[in-house]
Amino acid sequence: MFTEKTVQELAQVLGEKLTNAGLVAATAESCTGGGVAYAITEISGSSQWFDRSFITYSNDAKNQMVNVDPLLIEKSGAVSEPVVEQMAIGAVKNSDADLAVAVSGIAGPDGGTAEKPVGTVCMSWYNAHTCSKTETYLFVGDRSEVRTQAIRLALLGLIEAVE
């Protein structure tokens with residue numbers, strides 16, 4: 001249903017759904033570097049339904065800002081489902097938001113491994129009132145394309161988390 005919508009259109013839909021549900025969102029972003037929050041804040045009036053973004057590019061930031069356990073990062077790696085789960089929960093707990101998306105990945109062109117190649121992105125959506133979902137994706141393309149695909153999917157997942 002939303003496959004043909006642009007990032008900006010998805011952010012608009014998200015805002016409408018959050019407003020109608022009386023909910024507020026936050027983000028915890030690593031490889032997208034605030035891109036999800038940028039798309040959201042491009043929408044006029046988004047301050048009514050978007051609280052804040054944590055740009056947690058470093059492992060220390062993940063720990064300090066959204067309470068990710070450093071031992072978990074050491075054990076699982078920053079790009080892992082357990083880490084993004086803690087990031088999403090931490091974003092809600094450290095904000096006035098009801099739900100959040102967390103994104104961590106390897107956008108490239110460097111940094112990939114055989115186990116986690118370039119394009120690997122882990123995402124977690126957490127709604128304090130209902131549910132959570134965590135997934136790992138493998139996007140194809142250059143750095144910009146990987147990040148854009150991750151931003152788009154993050155918004156789609158937030159829409160789903162409201163519904």
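I began with N67, which counts as partly exposed because its relative accessibility is 46%, between the 20% and 50% cut-offs. The model is predicted.

I looked up where N67 sits: the loop between α3 (59–66) and α4 (70–76) holds this residue. I then checked the backbone and found phi of N67 near 60 degrees, a positive value in a residue other than glycine. I noted for context that most residues other than glycine have a negative phi.

Next I went to the peptide bonds. I found a cis bond joining G108 and P109, with omega at about 5 degrees. I placed P109 in the loop between β3 and β4.

I read an open sheet of five strands in the order β2-β1-β3-β4-β5, and its pairing is mixed. I marked β2 (50–55) and β5 (132–138) as the edge strands, since each pairs on one side only.

I located A26 opposite A100 in β3.

Last, I looked at the helices on the sheet. I have α5 (residues 81–93) packing there and touching β1, β2, β3, β4 (120–127) and β5. I recorded about 145 degrees between the direction of α5 and that of β3. I also have α6 (residues 143–162) packing on the sheet, where α6 touches β3, β4 and β5. I recorded about 20 degrees between the direction of α6 and that of β4.

Methods: Residues are numbered from 1 along each chain as its sequence is written. This is a predicted model: local features need pLDDT of at least 70, side-chain atom pairs count only at pLDDT 80 or more; totals for chains, interfaces and linings use all residues. Side-chain values use heavy atoms; hydrogens and water are left out. Two strands pair if DSSP finds at least two bridges between them. Helices (H or I, at least four residues) and strands (E, at least two) are DSSP runs, numbered from the N terminus. Contact means heavy atoms within 4.5 Å. Axes are lines fitted to C-alpha atoms, for helices over the stretch in contact, and angles run from 0 to 180 degrees between N-to-C directions. Buried means under 20% relative accessible area, exposed over 50%, partly exposed in between (1.4 Å probe, protein chains only).
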